[in-house]
Amino acid sequence: MSVTVAKPGEVRHNYLNAGDTVLSWLLTTDHKRIAILYLVSVSFFFLVGGLLAGLIRLELLTPQGDLMTSENYNRVFTMHGVVMIFLFLIPVIPAVLGNFLVPLMVGARDLAFPRLNLASWYLYMAGGLIATWAMVTGGVDTGWTFYPPYSSSYSTSQVTLTIIGAFIIGFSSIATGINFIVTIHKMRAPGLTWFRLPLFIWAHYATSVIIVLGTPVVAITLLLVVAERVFRLGIFDPALGGDPILFQHLFWFYSHPAVYIMVLPAMGVISEVVSCFSRKRVFGYHFVAFSSVAIAVIGFLVWGHHMFTTGQSVYAGMVFSLLSFLVAVPSAVKVFNWTATMYKGTIDLRAPLLYVMGFIGLFVIGGLTGLFLAALATDVHLQDTYFVVAHFHYIMVGGTILGYMAGLHFWWPKITGRMYPEGIAKLTALVIFAGFNLTFLPQFVLGFLGMPRRYHWYPEEWQMLHVMSTAGAFLLGIGFILPVFYLLWSLRTGALAGPNPWGATGLEWKVDSPPITHNFEQTPIVTEEPYAYDNHHEPEEVFSGTGASTTKR
Amino acid sequence: MVQEQAPQNVSLQFEDVHQQNESYIVGMWTFLVTEIMFFGAVFATYLVYRVANHTAFWEAHLRLDIPLGFINTCVLLTSSLTMALTVHYAQRQMPKQQLLWLSVTMALAMAFLVVKGFEYHHKYVEGLIPGPNFRFEPAEYFRPAQLFFSLYFAMTGLHALHVLIGVLVMAVMAVLIAIRHSSVQDFIPVELVGLYWHFVDIVWIFLFPLLYLIPR
Amino acid sequence: MKGVQLLPEQASTFASQVDLLFWFLVAVTVFFTVLIGALVVYFALRYRRGSTASRAGAKETDLRLEISWSLIPLTIGLIVFVWAAKLYASAYGPPPENALEIFVIGKQWMWHVQHPNGIRENNELHIPAGRPVKLTMISQDVIHSFFVPAFRIKRDVLPGKYNVVWFTATKPGKYHLFCAEYCGTQHSRMIGWVYVLEPADYEKWLASGGEARPYATASGAGTMAGVSTASLKEAGEKLYTQLRCNACHGATDGQRGPTHYGLFGKKVKMRDGTVVTADEEYIRESILRPLAKVVDGYEPIMPSYEGLLNEERVLQLVAYIKSLESSTKVAEVKP
């Protein structure tokens, strides 16, 4: 990475030109540079995961397994899941946008523990490389869920290596979580009370709490699988005296909240963007903030809804079902509040807002189809079918990735100092939206028809729906490749961005674009409520701002 | 390790030493929460199996050495006291006493590890290490007993690893105190190690009755 | 490419009930998606920058709105919860007394079915329409899941533990049977067909020992029906004698072991004071791990049969022990 802001005579000192040797990047403790390191790494793994998804869709064009063997197909979908979840979706928003923005938004010069932050990237890379190595040396075929006894006693693939990779990535996630919690608790600028915090910060706080509480549980659980696999301990395999259902309890205790680790930060992005481009304070700020916390808390109590068909007692099933309906309420509250934010706003239909509108639509579908799976009677039919596959892709692609795209475009001028090209960015948002729906809407139908997930062969009468889905996947693929080109292109040729091209509120917009190494020349003092768009912050006014006057409003 | 040029060792990201100290304390507590969840998952696993195989676990637990376990409990509890004294003298800027009590704590921690080593060795001699050489009578309880010892070694091993890390950190700290290194000028580093050490003790306080004292 | 299918068949009493709830949820989903989608687009256009629409009275928060859009989803959620839970409790509760009992063993990668009269099938299941069918299922290796979309039922098939599912098929025909829990390389080939027969056809099928298969021509790949000479119970009886179970478990409670006559379904008191219902799971556990639960008044002396019997043979023993009613004559026990 050697991004420098060109324009002779006007090169200001900033974090990007603070050093251009490779070492200055690899040994940096600047949260903004670490964010860039993460940006490059998660983009790489997104590409890997995306190519694997392409292989899955190509194979499913025909009912017979004719493109690859079943062994390979199983490895491909497993690695698609492992790469996308552990190496892309979980870190993507916290480690890229969160890393970049949390200190800026709370008015701090860096995260509380900058070296720990760098260590988290190295752990991520170490885990990522081990997982990649596992992939190259044979791959893994257990599904990303690693259910024993298949994973511990039957699979002959690289289960141990992959789990060790996932284990290490878990620690990278924990390091980020601890850093965010401490920074948000202790390093807020004077005057920045909890209810003056941007909702992006609230979302990241809730996310960090889930990371800190959940990740250790899945880490130890996966280690026990490895122990059983290597030492034949007999913890989960009934043939050795263990209980495979206990694994599922421990696994989903983390892995259900992990869904919220993926989607809560995206919700934080949505709140920022929808408010800025409506030029209005986020409707029901307190409700949106507390709904993040509510999701984090209730999210820990619903894991059993992944296990309705295991023979779980009817009463346990009812409790988990009821709690799952409750967790839907805070999500609904957020959606309604975002919608209400646009009401009587002054709406600027920029690319980030298009992504946000896409997010809202897809997240509503993803959330409501979750009700089918929380409801006991419908879940037993839909469990482990393509309905589930479609549902969680609506949450994770429609939710997390569209949120990430919205945020990446929104803060791109802040990160790079350059504007992205608006026209093609809008077009891309539409392509992604269309491609996504074409890919995953047919999968709801397939799931209702009974198509089980992780199937290499399938009955002929379902081919038409699979063909539609594959066609959509390639449209979606184009949608994700376009930004790589136009965003890179904008680094050289994009219009120079001022400190605040959108006229947004928030401390990050009061400093230079790109910001200086330690963010603020003097500690900002916050005197106003968040999203105070009422009678100032018009983009034109702020365009000429110097970024230095951080203590004034 | 630390920006020595900064006055009072305040890292650049912090406003003042007060903010820095609070951040480190909150950070340590958050880290301990992850540790609790980490051990909590193994404890939960153990309890599920203990309820399911109560008789077998009871039979298996008779093979543990309660006197040695009790001695180790006393050793660790005492080390918590000496660690508290270390922090006490650190807060009063008395490096000599600080060093003394830190060394006692380290000695107790190592004593714990030595006793644990003897226990592990006995288990090895008696063929109680899970795996191909595992032997257990009555044969009917062979499998649950092996599960018990798997969990015993997983839990106490994980704990012993934490003790070992504690010893290493204390050793580094002792050297820094001895050479009057600027990074241990204030009491916060010692306080953090103290928090960690008390946590390690508390884990043992749960481990001992859970593993060694199963009611009939 | 065959014709496009958009709706699954409904072939069990449960199916139509589930579908009603399903379509209700579809209606809810479509309603809210359209509502939110339309509002978002409408606001984006009406209040776009430069439009003259009045912005007067814009609010930052409104408690009544917040409460209503918390309560409305909550109410809908609770309605669906109760609806779905009742339906589930009725379908996944205890099976009716008159249910036809069939045993299913899942293994990588096939379904093995044992009918009480000794008919054995692989990857096929023949059942009569209109009569409840209870499947007692176990896996020989990894976790599988028994899934018949046309019946809207699914139950995981676990190693080491019996799982039960029951249903009443309504419409004669041939339906997909899938393994829904990923189980390894040939997971997607662990499929088969469920044949629902008219009761008369089913009787014919039974009488012919599984040979008279009305849908035989359309059978799926790799399926085959086989008949053993003995019924499940008879095979179990043979094994029972072979293993000399009756040496300790006589016609009445003996010195060394309690009787098996009239055991099934009874509540049994254990040495540790707990009371256990003698179901299939208990009988299986007592054969494989006898000391896990020892009956009150007896010493823990029974040897374990774990590793000596495969799931098929355990099932035969379970079926035989179940069949021993307390009125059965002592004479029937051949030493």
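In the predicted model, C:Gly106 stands opposite C:Trp111 in strand β2 of chain C. This pairing belongs to a hairpin formed by β1(C) and β2(C), with two residues between the strands. β1(C) spans residues 100–107, and β2(C) spans residues 110–114. The two strands run antiparallel and are joined by five bridges. β1(C) also pairs with β5(C), residues 132–139. Here the sense is parallel, and the pairing extends over seven bridges. Within this pairing, C:Ile102 stands opposite C:Leu135 of β5(C). β1(C) is mostly covered, with six of its eight residues buried.

The chain is divided into domain 1, residues 100–227, and domain 2, residues 232–323. The domain centres, taken over C-alpha atoms, are separated by 27 Å. Domain 1 of chain C contributes 18 residues to the contact, and domain 2 of chain C contributes 12 residues. About 1300 Å² is buried between the two domains. Carbon and sulfur atoms give 55% of that area. On the domain 1 side, C:Phe103, C:Gln114 and C:Tyr162 supply 44% of the area buried against domain 2 of chain C.

Three salt bridges are counted between domain 1 and domain 2 of chain C. The side chains of C:Glu280 and C:Lys134 meet in a salt bridge, at 3.0 Å from N to O. On the side of domain 1 that touches domain 2, β1, β2 and β5 of chain C each give two or more residues. The largest share of that side, four residues, comes from β5(C).

C:Glu280 has a further partner within chain C. It forms a salt bridge with C:Lys322, the closest N and O atoms being 2.9 Å apart. This pair links distant parts of the chain, 42 residues apart. C:Lys322 lies in helix α6 (residues 311–323) of chain C, and C:Glu280 lies in helix α5 (residues 280–288) of chain C. C:Lys322 has 16% relative accessibility and therefore counts as buried. C:Glu280 is at 7% and likewise counts as buried. Salt bridges that share partners join C:Glu101, C:Lys134, C:Glu280 and C:Lys322 into one network.

A further salt bridge in chain C connects C:Arg152 and C:Asp19, at 2.7 Å from N to O. This pair also links distant parts of the chain, 133 residues apart. C:Arg152 sits in the loop between β6 (144–148) and β7 (153–157) of chain C, and C:Asp19 sits in helix α1 of chain C. C:Arg152 counts as buried, at 0% relative accessibility. C:Asp19 counts as buried at 5%.

The contact between chains A and C was examined next. It takes 90 residues from chain A and 85 residues from chain C. Together the two chains bury about 7700 Å², 70% of it on carbon and sulfur atoms. A:Phe336, A:Lys344 and A:Phe448 supply 10% of the area that chain A buries against chain C. That is more than any other three residues supply.

Across this interface, 21 residue pairs are in polar contact, with both residues at pLDDT 80 or more. Helix α10 (residues 314–342) of chain A gives the most to the side of chain A that touches chain C, with 15 residues.

A search of the whole structure finds 25 salt bridges over all chains. The count between chain A and chain C is one salt bridge. It is formed by A:Arg281 and C:Glu60, whose closest N and O atoms are 3.3 Å apart. A:Arg281 lies in the loop between α8 (244–278) and α9 (285–298) of chain A, and C:Glu60 lies in the loop between α1 (13–46) and α2 (63–92) of chain C, so the pair joins two chains. The two partners fall into separate accessibility classes. A:Arg281 counts as buried, at 12% relative accessibility. C:Glu60 is partly exposed, with a relative accessible area of 35%.

Notes. Residues numbered from 1 in each chain as written. Chains lettered and ligands numbered in written order. Heavy atoms only, no water. Buried < 20%, exposed > 50% of the residue type's maximum accessible area, 1.4 Å probe, protein only. Pairing = 2+ DSSP bridges. Domains from an automatic or database assignment. Contact = heavy atoms within 4.5 Å. Buried area = accessible area lost by both parts, 1.4 Å probe. Salt bridge = Lys/Arg side-chain N within 4 Å of Asp/Glu carboxyl O. Polar contact = N/O pair within 3.5 Å; in protein donor to acceptor, adjacent residues only side chain to side chain.
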